Amino acid sequence: MSGVNTMRLLYLALVAAAASGCKTTILPSEVKTPSNAWKTFGEAQASYDRIIPHETTVEDLRRLGFDPDTTPNMRLLTYLDITERFIPNASITLADLQEDVRNCIIAKDCCKAYELSVEVNDSQRYGNALMDIFGFRKHTHITGWTFRSLIIIQNDLVVYKLHAGQPNVNRFESKTKPLGPFQELDHLLTKAPKW
């Protein structure tokens, strides 16, 4: 009898906690940090700013942290990849491109590019722990930064550079499932064997 009473008390405590909207730190969190040399957007930007077209060499790029052999999240692109990036459809022609990009594509095998993509995310869940655990409501606060760059190289010399990114990622995401864990049962029912 005492076991049943204990279970009832535990159940009532869980229901009361859910109804009160208690907040707790037991919710999961996730941190995505690539192992690049840059710890902040500003550091990545500062390295990028030291790249000077028609002056910076491939060896200089390595010293700045832009080396496809050792830098994580960096891709080596061929002139065909560069062509796809700058001429995605027939409405853009080679004549429309910036002169250094155009000359590099024409040079074919003498042309390559380094593409870097760095994404740093800190994802923290918040809100009612029980509503989150049982899948009714999930609130997430995501902070961090992203940095992307494209460096075009011809004959081991940087001829063109381009960058983009988001210095301050700060967004909130909310997911609500009114039926909680039972929300996922609808796809199981549609896949049920037919007799």
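Student: In this predicted model, why is the contact between the side chains of arginine 63 and aspartate 60 called a salt bridge?

Tutor: The N to O distance between arginine 63 and aspartate 60 is 2.5 Å. A salt bridge requires a side-chain nitrogen of Lys or Arg within 4 Å of a carboxyl oxygen of Asp or Glu, so the pair qualifies. Both residues lie in helix α3, 3 residues apart, about one turn of the helix.

Student: What makes aspartate 60 count as partly exposed?

Tutor: Its relative accessibility is 23%. Buried means under 20% and exposed means over 50%, so aspartate 60 falls in between and is partly exposed.

Student: How do you know that arginine 63 also forms a salt bridge with glutamate 59?

Tutor: The closest N and O atoms of arginine 63 and glutamate 59 are 3.9 Å apart, and the cut-off is within 4 Å; therefore the contact counts as a salt bridge. The two residues are 4 residues apart in helix α3 (residues 58-64), which means that about one helical turn separates them.

Student: Why is arginine 63 called exposed?

Tutor: Arginine 63 has 59% relative accessibility, and exposed means over 50%. Glutamate 59, at 41%, counts as partly exposed.

Student: Which residues are linked with arginine 63 in a network of salt bridges?

Tutor: The network links Glu59, Asp60, Arg62, Arg63 and Asp67.

Student: What makes arginine 75 and glutamate 115 a salt bridge?

Tutor: Their side chains meet at 3.2 Å, N to O. Arginine 75 lies in strand β2 and glutamate 115 in strand β3, so the pair ties together parts that are 40 residues apart in sequence.

Notes. Residues are numbered from 1 along each chain as its sequence is written. This is a predicted model: local features need pLDDT of at least 70, side-chain atom pairs count only at pLDDT 80 or more; totals for chains, interfaces and linings use all residues. Side-chain values use heavy atoms; hydrogens and water are left out. Buried means under 20% relative accessible area, exposed over 50%, partly exposed in between (1.4 Å probe, protein chains only).
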